[in-house]
Amino acid sequence: HALPSISAENALVETVRFAAHQAGIALDRAEALPWLVTACVLASQQAAALALRAVGDEIPERVGAAELLLRASNVSRLPAPFTLPLTASERRDFDLLVESRNAAEHPRGRTWHITARTLSRGLPIAVRCVRHLVLIQPPVPNLVGKDQAAEIKNGLEAIDALAVFLSGEA
């Protein structure tokens, strides 16, 4: 039996929805944190892949999250004004989030831990990537549908709220 397929756009919506749910319960349930981190990194990858494919960029079969974001921040791959603005400092913060995701996905039989600092710095980068590439400056009109955009926007706001709380700025 063939299983139903899911469009890249709907997959992004579902990933953001899942991440927002994890963000909503993360302070009460530590087991939500690895799922939150994993989903936020994945959403960034999905948004970058959508934007890059929309301009005809050939994405390698095996490409890491950081590499996708670097491609999206390269004006020769994603032309201005669609290029993802990503500073070296933001890249380092995102890399820490990816390292935490990798530790959760490749367990070594040890306790998994992430700091509030890594979350409060990394989550906003992931959120900003999705927001910029899909909602604010998509490389083609209607990269996602109106309802999809509204769901993504709401989910990103929930993730942002957790990051702000963890940063102590709330």
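This passage describes the overall fold, the longer-range packing and several individual residues of one protein chain.

The model is predicted, so local features are reported only at a pLDDT of at least 70 and side-chain atom pairs only at pLDDT 80 or more, whereas totals for chains, interfaces and linings use all residues. Residues are numbered from 1 along each chain as its sequence is written, and side-chain values use heavy atoms, with hydrogens and water left out.

The protein chain contains six helices and zero strands, where helices (H or I, at least four residues) and strands (E, at least two) are DSSP runs numbered from the N terminus. In sequence order the pattern is α-α-α-α-α-α. The radius of gyration, taken over C-alpha atoms, is 16 Å, close to the 15 Å that the globule rule gives for 170 residues, so the chain is as compact as a globular protein of that length; the rule itself is 2.2 Å times the number of residues to the power 0.38. The C-alpha trace spans about 45 × 40 × 35 Å along its principal axes. The accessible surface (Shrake-Rupley method, 1.4 Å probe, with only the protein chains shown counting as cover for residues) comes to about 9400 Å², and 54% of this surface belongs to carbon and sulfur atoms. Buried residues, meaning those under 20% relative accessible area, as against exposed ones over 50% and partly exposed ones in between (1.4 Å probe, protein chains only), make up 45% of the 170 residues. Among contacts (heavy atoms within 4.5 Å) with a separation of 6 or more, 66% are between residues 24 or more positions apart.

Helix α2 covers residues 32-54, and its 23 residues should span 33 Å at 1.5 Å a residue, which agrees with the 33 Å between its end C-alpha atoms; the expected span is 1.5 Å times one less than the number of residues. Of these 23 residues, 19 are buried, so that the helix is mostly covered. Just after α2, G56 takes a positive phi of about 85°.

Leaving aside neighbours within four places in sequence, L36 is in contact with A19, Q22, A23, A26, L123 and L162.

Also in helix α2 is C40, which is buried with a relative accessible area of 3%. Beyond neighbours within four places in sequence, C40 contacts A19, L123, A126 and I159. The C-alpha atoms of C40 and A104, 64 residues apart along the chain, are separated by 13 Å. In helix α4 (residues 88-105) lies S100, buried at a relative accessible area of 10%; apart from neighbours within four places in sequence, S100 is in contact with V37, W112, I114 and T118.

A search of the whole structure finds one aromatic pair, for which rings of Phe, Tyr and Trp (its six-membered ring) must have centres within 6.5 Å, with planes under 30 degrees apart counted as stacked, over 60 as edge-to-face and the rest as tilted. F18 and W35 form this edge-to-face pair, at 6.5 Å centre to centre and 85° between the planes. The pair links F18 in helix α1 with W35 in helix α2, 17 residues apart, and F18 counts as partly exposed at 36% relative accessibility.
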